[in-house]
Amino acid sequence: MTGFSKEVPDGRPLQDVAEEFATELADTVSRFLGQECRFTCSAIDGGRFNVAEENDGIPLTIDGQPVLVLSVDIYCYWDSRETYLAVEASSFKVFAGRQQGEPLFRYDFLRDPANRNIPCAHLQIGAHRDEFTHALGYGGYTSRRAKTRAAKPPGRAPKISEVHFPLGGPRFRPCLEDILAMTREEFGIDTATDWASVIDKGRRSWRLKQVAAAVRDCPEEAARVLQDLGYAVEASTPAQENTRRLTQA
Amino acid sequence: MGTVTVETLTAEQAQAERRRLLDELGMSMDELEERAADGLLDAQEFRVWRRVRTLDWLLQGSA
């Protein structure tokens with residue numbers, strides 16, 4: 001869930017597409033947690049919409065006590081002429097207590113970041129370790145970001161949360177279900193009894209979509225693997241590799 | 001099981017909401033962005049920062 005790009009039937013109004021997308025998301029999170037979660041979908045003429053939870057985050061409870069808060073933002077683009085729906089950006093943040101300050105960690109996706117050296121799918125962790133900050137402060141000159149960080153004035157020390165840990169590029173990044181499952185495994189948050197089936201279903205759906213996208217990125221390689229598996233695969237015309245997506249950070 | 005509210009905005013409505021939120025808070029979006037980068041947003045600032053980012057993103061794509 002929440003990172004797909006797909007073709008949808010022609011002529012559907014933006015509002016329908018947005019609502020369907022948001023409903024799927026709301027159902028997944030609600031069924032995982034075993035509590036009703038409310039989402040808002042904001043759309044504008046021109047084909048863009050955002051889906052976010054209502055009421056300042058979704059409380060994640062441990063033994064009934066609200067300990068963490070999950071914040072979900074998904075930015076989608078719907079091109080009704082090309083019948084194409086794509087996630088342009090997403091941000092899943094987990095806060096301690098309430099939504100303020102720095103999240104404990106955040107999983108972000110930017111389809112086309114302004115800085116192409118920033119991993120399009122990345123994890124940022126709100127943590128501190130002296131050695132890490134010290135190394136960041138050295139800031140070598142091979143990267144503009146590192147150089148800028150090293151030039152920070154005293155009192156503006158670099159932070160671990162500024163570091164974008166890569167997560168596998170546009171196709172192999174984690175989905176929301178991975179993050180939900182992680183909060184259960186690592187923090188022991190309260191979930192519905194059948195949480196595992198919700199996660200399995202969501203992961204399968206997400207990964208199938210990503211496999212399809214990955215095949216479109218490198219059809220020749222996909223055909224070679226299928227041939228190895230015994231399938232008869234033949235292209236009517238040679239297919240081109242999407243080098244941009246295959247090499248994207 | 002989940003509940004979804006869908007709101008469809010015009011560009012004018014989005015711009016008006018953006019202005020109102022920032023006016024009520026008494027801060028510019030640049031100031032909010034700076035506080036966000038430093039992890040200093042309080043709950044109210046975070047709410048406005050997040051909503052304005054959404055509105056800006058929507059407005060970028062409006063016809």
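Predicted model: local features only at pLDDT ≥ 70, side-chain atom pairs only at ≥ 80, totals over all residues.
Chain A contains seven helices and nine strands. Its C-alpha trace extends over about 60 × 50 × 40 Å along the principal axes. Of its 249 residues, 31% count as buried. Among contacts in chain A between residues at least 6 apart in sequence, 57% link residues at least 24 apart.

In soluble globular proteins, nonpolar side chains tend to be buried together. In the present model, the largest nonpolar core comprises 55 residues. The residues with the most contacts inside this core are A18(A), A22(A), F39(A), C41(A), F49(A) and V51(A). Helix α1 of chain A, spanning residues 14-33, supplies the largest share of the core, with 10 residues. Apart from neighbours within four places in sequence, A22(A) is in contact with F39(A), C41(A) and V51(A), and also with V4(B) of the partner chain.

C76(A) is situated in strand β5 of chain A, which covers residues 65-79. This cysteine counts as buried because 25 C-beta neighbours lie inside 10 Å, and 20 or more are required for that class. When neighbours within four places in sequence are set aside, the contacts of C76(A) are F21(A), F49(A), L85(A), A86(A), V87(A) and E88(A). One of these, F49(A), is among the residues with the most contacts inside the largest nonpolar core. C76(A) and R48(A) are separated by 28 residues in sequence, yet their C-alpha atoms are 5.8 Å apart in space.

Strand β6 (residues 84-96) pairs with strand β7 (residues 105-110) over six bridges in the antiparallel sense. Within this pairing, F92(A) stands opposite Y107(A) of β7(A). Strand β7(A) is in turn joined to strand β8 (residues 121-125) of chain A by five bridges, and these two strands also run antiparallel. Here R106(A) has Q124(A) in β8(A) as its bridge partner.

Helix α5 of chain A, formed by residues 195-217, has 23 residues. The distance from its first C-alpha to its last is 33 Å, close to the 33 Å expected at 1.5 Å a residue. The buried residues of α5(A) are V198(A), I199(A), G202(A), W206(A) and D217(A). An α-helix has 3.6 residues a turn, so residues three or four places apart point the same way. The buried residues of α5(A) pack against α1, α4 (176-187) and α7 (243-247) of chain A.

At the interface between the chains, 25 residues of chain B are in contact with 35 residues of chain A. The elements of chain B that give two or more residues to the side touching chain A are β1 (3-9), α1 (11-25) and α3 (43-60). The largest share of that side comes from β1(B), which contributes seven residues. By residue class, the side of chain B that touches chain A divides into 13 nonpolar, nine polar and three charged residues.

Strand pairing also crosses between the chains. Strand β2 of chain A (residues 38-44) and β1(B) run parallel and are joined by seven bridges. In this arrangement, C41(A) stands opposite V6(B) of β1(B). C41(A) is also one of the residues with the most contacts inside the largest nonpolar core, and is in contact with A22(A).

Definitions and conventions. Residues numbered from 1 in each chain as written. Chains lettered and ligands numbered in written order. Helix = DSSP H or I, 4+ residues; strand = E, 2+ residues; numbered from the N terminus. Buried ≥ 20, exposed ≤ 12 C-beta atoms within 10 Å, placed from the backbone. Contact = placed C-beta atoms within 7 Å. Core = buried A, V, L, I, M, F, W, Y, C linked by C-beta atoms within 7 Å. Expected span 1.5 Å × (residues − 1). Nonpolar A, V, L, I, M, F, W, Y, C, P; charged D, E, K, R; others polar. Pairing = 2+ DSSP bridges.
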